[in-house]
Amino acid sequence: MASGLPLSTAQSGGHEVRHSLSLLDVLNPNQLEGKSLDACLRQQTEENFYRGAPPQWLNFYISEQLESDGIGTPFIQRDGYSELVEQIRQWRKHPGISTVKLYHQTGCGGTTLAMQVLWDMRKTFRCAVLTGSSSDITNVAKEVVNLFADGGQGFQNTVLLLVNDDHILENLQDSIMMEIAEQRIVTRMPVVIFFSCVRKNAVLQSDHVIIEAALSDTEEKKFNEKKEELRRRFGSKCEQFHGFNILQTNFSQDYVKQVCKVIRPVPRAKRPKRIQLVGFLSLLNAYVPGSYLLENQCLDLFKHKDYRMKPFSHLIITFQQGTEKRVCMAHSMIAQCCTELMAEAGVTRSDTARNFLTHLCRDEVPPFLLGFVKDMLTKREMKIKENPINSTEITEEPERFSRLILDIQKKEGETVSASVLKVASKKFDKNPYFPQALARFYYIELKDYKPAELWAKRAKQRDPQNSFIADTLGQVHKNHLKNKKSDVKPREILQLATKAIDAFKDEEGLAENEQGTDMKEDGETNVSRIFNSRGQFGYLQVCNLVHDQLVSQNETWKRVLTKAVPMGSVLELLGDNQLFEFKDLINSLRDEVAKKCDFFDKYLSYSKPDMKKDDPSYLYEDIAECYRKYVRNSPPEHVKEKGADFIQKLEQNVVDTSAGPLSCLDGEYSESELKEITTQWEEISLHKDSVTALVNYIFAHVMLMNRRAVLPHECKSLTAFRKKMPLSTDESPESHMLALLLDWPTNDEGKCSAVSQLIKCMRLSYKQSYEKDLRSRHLCPLFFIGKAQGLNRIVHRKTLEGLFERNNTIQDWSNNWSSEKIFKDRMVQDHLLKLDGMVRNYRLLATVGGTVIQVDANMRNSLWKHRQVSFYLGFTIRGPVAFGIHTKTAEREISETESELSPCEDTTTEPAVRMKFGASCSKMDSSDLTKLQPEVDDIHTYSLQSEAGQYECSVSALRWVCKEKVSFTYQFRSWEEHMKRPLCKDYMQAGPLLDISVTSGNIEELHLPHWICIDRNITMSDMFAVLHLDASGNAVGNVVERVPVVTTSHIMFSQPTLSPKGVMIKKKPGIPIYCDVLIYKRSKEFLTLDVYLVPRDPALKQEVEQNSCGSVIIPKPGPDKSLQMGDNFLLTTDQADVNIQPSTRDLRYDSRNVFEVFIRNADSDFILKLESEQETVWTCTIHKGDYQNQSTDRVQGQHSGQAAAITSANDTGAQGEKTHLK
């Protein structure tokens, strides 16, 4: 879509992209600037767009030029525009990779909106569109990283990448992180923000932006204004601007029918070519959004004669896209209407589809057209499904077939739908997907299993190594068996079962041979990112059907299928001696069911589809039902060793696997059942010299301890297990996990080397045992390390969920785990041991003394920034994983003296009441305060918790008093939009705007910090006010609410209502405030400093820090004296060859209030001075060592900035505190 201009020097540091970006279409910051446009091209581009052609970058450029020339109105922004831009801007402040999602219905301008956002942000980000194959994840990641790093270390810039497939984002994120680490790039900012623009007609309610085919009142007004402009500029041509007019009329069906009436009448026989072409384009565009034909294909239809499309030409668009001329209908609603009108006239959808395949799919079909036809006939759209029992439970599931096939079925009949798929299957005789869809249609809709089997086999022949294609044949036979009448003979049941089982076993074998993308290819092996478990599940479903149908006819089958009696001994009871030919099948079922249930026991206990999605409930139900039917009543024949009796008992509780005890808490087992299981495993471990038996007994014991059950005795096998150590890599991952849980060091460095080796062994064991089967799935945490000792330190996931449920009534466990919300719960925190670590080179290293141990991170986005962290340690079946990663902020003890202001003698107010703990206060002595260091996450949410007492936050200087244990969080909010409110026009900011949320307990008193210098100016306290906001950010109540208590550093509230609050003060010349001077050294060839003069606001300093990504802070103390807001200050230095821009600045509340100091040949100490008109207010010496020989990573400078912010924030309370009550 881009014109291919080189990257702008403004954003790429004077360098072009170093590598060819064949998969990305880069939108350059200076796209089209200075380019002379042909007037005809300009007009044609505009007309095509308003008629319905897809947008091009040129459309946005033309719109800007027209607006700047005073000819045109701005390009229309749909209501979601501002929210998208704001989300993108906010995510840029956070480290890591983020995603902004836009869902839009067909034909409502979603793609145009997405491109508009990129166009408007092209000078801020490096904007690009993913145009290449989304399956080539590795190379896409390389191109994104190359674009981000273009120009070198000092010129990195975040990539804003537009993608239309949100299924690739997780893998693409991982690949980008690996590429960054491999190239050893130190990131100063987010590498990429994914902008996912997905067309979706049925969208569940979500936090993402959704654009629908309906205009708001504001949007209608904008479209009406644009309509007047277009009439003025284009005259009567506007009548054919159907793409624009459909939106302007708010997607009016009446308008669409009016413009489409030229279709009538439609002759059924000997239809003109132009009618046929309209039919083909309409069908394609109606069912495949974004589809098109090439102009050459249209000419082929007319045998390259002049094709005149009148009177339909205004319904069709021909537009240039790169080197191609593409043809499509003006809008999807027009395509749908034309398709319907033609069907009403007797030219049915099926007729048009068959003719399309006949006329346009001759000879070799180009890949793009094959893709459109495949989508039209086989793509199953998602639909919204409401739970009939619980109406609030709404999910998405795919339709049975493509929209076109379903419409043909509804309007023309089932056999006609099948006939269209049959034509496609024969036309594309090497493609497996059309016969696969046809086979599905035969067995699902027509219940005709013979042709279903035929076409399923043909699909398999066309792609014989694809397990997902092979699955269809098994489904055909399974459904045939399922729909057999109840009086069918056992022989027929077993014949069908044999076919189904053979098909599913074949599928299972193919799935075993399919390798994951991270495994070595041999050039012949089919590669699949997802492990296909449908064959094994299909086998169990068939076994359920066989059991139900046979046992319903004769109860003897129950004993035969469980191998309680040999089949040959009961043939007479079964009534058919010829059934003996199925002896091998019958004898294999019980052991095969046990084997496959063992596989699913691990598969479902250890993993799930992804972090935010659980497996469907029917999967668990069918597997458990099959196990009960076949396995629980008798032991397998091969069990003859010691402990066989106990294994049989265990099997009745479904735990005879290495994963069995680990899944006990996931099952609904009672305490008595768990005790029985534990006793049985103890007996087995005594009779078998087996590490697995020992491990299962110990884990079963742990399960009981997690239930807080009364144990008959202590676990007796720990010593025996330790004697088995060190474990070999041949032992199971479960054994290695137990060893790690027992031996993870907390303060003993001597164990670290052994633990690192254990982790390597566990990962190797996992690779050998489970990696192939679980390769595409999210591994669930099984255990965590708690604060206790021995086995009591092992905490199961279900235990944490139980604790969390006590304080949270509504549960969404997928979200609780994926967002790590569970680790913010106080009871969960009290249960778990917090470990220390650090993030280095995109890896998390647990630190024990001076030794480090590398562990995985549950939230990979936590690894972008070098920092000291704390976290909780969990274990998946692959190894240790860090959860709840938080930055450790520096603790500082700051002494502070506070003295009391004399209360005002205002008799109209209540007298002041002296504060003691819990009472209304007029004084809080710093000696009574306990300084607390908050935890902070990657989105700058600060968390604090305290017992009863008086406290101060070391970051924000926020103070509070509580009578009981309390937990709360806070975030800094922006003042900008709120200060524009009419009620705030007479005020200015006087402290940070804090969004405080109490998660447990109550705060008796809240003290909000301010930076106003009161000294002994009693009257100034009358000028204070507090802005209150509701949860949505709107002002509530009286935003100039009187302040009850003012001290030299805080505003106090008793029994506060915890909405977002911030301190303001009435505007008045000469208000004295405490300030900071922040100095950042930029990465430049010559010494360049950014010197910020800002109020002493930790939120403002946070903004400065984020704006200074890539710079190193030079920490220096701020002015000792207060300065007056609005005064002008001059920055000077004693160096001769210096350039300071600007030389003066007014003191204002602005994170961009900065002086740039440029020194060409800096090689010595020098002095900076800040001067007012009357005096020098600040002086500092910049030592040579401050700006030279800085070997630490610049990222560490970010922490210094944070430390400086902490220092300054606490210094707001460094003045003697005095109180004045109103």
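Which residues is Asp-615 in contact with, leaving aside its neighbours within four places in sequence? I opened the notebook with that one.

**Entry 1: ground rules**

I am looking at a predicted model, in which local features need pLDDT of at least 70, side-chain atom pairs count only at pLDDT 80 or more, and totals for chains, interfaces and linings use all residues. Residues are numbered from 1 along each chain as its sequence is written, and side-chain values use heavy atoms, with hydrogens and water left out.

**Entry 2: Asp-615**

I found Asp-615 in the loop between β12 (607-608) and α26 (617-630). Helices here are DSSP runs of H or I with at least four residues, strands are runs of E with at least two, and both are numbered from the N terminus. To answer the opening question, I listed Leu-604, Ser-607, Lys-608, Pro-609, Tyr-620 and Arg-777 as the contacts of Asp-615. Contact means heavy atoms within 4.5 Å.

The side chains of Asp-615 and Arg-777 are joined by a polar contact of 2.6 Å. A polar contact is a pair of N or O atoms within 3.5 Å; within protein, one must be able to donate a hydrogen and the other to accept it, and residues adjacent in sequence count only if both atoms are side-chain atoms.

Is Asp-615 buried or exposed? Asp-615 counts as buried, because its relative accessibility is 11%. Buried means under 20% relative accessible area, exposed over 50%, and partly exposed in between, with a 1.4 Å probe and protein chains only.

**Entry 3: helix α25**

I checked two residues of helix α25. Glu-592 is in this helix, which covers residues 583-606, and Glu-592 is buried with a relative accessible area of 19%. Its side chain makes a polar contact of 2.6 Å with the side chain of Lys-596.

Ile-586 is also found in α25, and Ile-586 counts as buried at 1% relative accessibility. Beyond its neighbours within four places in sequence, Ile-586 is in contact with Leu-494, Trp-557, Val-560, Leu-561 and Met-567. For Val-560, 26 residues away along the chain, I noted a C-alpha separation of 7.8 Å.

**Entry 4: helix α31**

How many residues of helix α31 (residues 733-743) are buried? I count 11 of the 11, so α31 is largely enclosed by the rest of the structure. Among them are Glu-734, His-736 and Asp-743.

I looked at helix α11 (residues 273-287) against helix α16 (residues 403-412): their axes come within 9 Å and cross at roughly 115 degrees. Axes are lines fitted to C-alpha atoms, for helices over the stretch in contact, and angles run from 0 to 180 degrees between N-to-C directions. The two helices are therefore roughly perpendicular to each other; angles under 35 degrees count as roughly parallel, over 145 as roughly antiparallel, 65 to 115 as roughly perpendicular and the rest as oblique. Leu-283, Ala-286 and Tyr-287 in α11 meet Arg-403, Leu-404 and Asp-407 in α16.

α11 also lies across β7, β8 and β9, running at about 85 degrees to β9. These strands form an open sheet in the order β7-β9-β8, with antiparallel pairing. Two strands pair if DSSP finds at least two bridges between them. The edge strands are β7 (293-294) and β8 (316-321), and each pairs on one side only. β7 and β9 (residues 324-329) share two bridges, and Leu-294 stands opposite Arg-326 in β9.

I noted another open, antiparallel sheet, with five strands in the order β36-β34-β35-β41-β39. β36 (1112-1113) and β39 (1138-1141) stand at its edges with a single partner each, so one side of each has no neighbour in the sheet. Helix α37 (residues 1098-1107) packs on this sheet, touching β34 (1075-1081) and β35 (1087-1095), and its direction makes about 10 degrees with that of β34. Four antiparallel bridges join β39 to β41 (residues 1154-1159), and Gln-1141 has Glu-1156 as its bridge partner in β41.

**Entry 5: whole chain**
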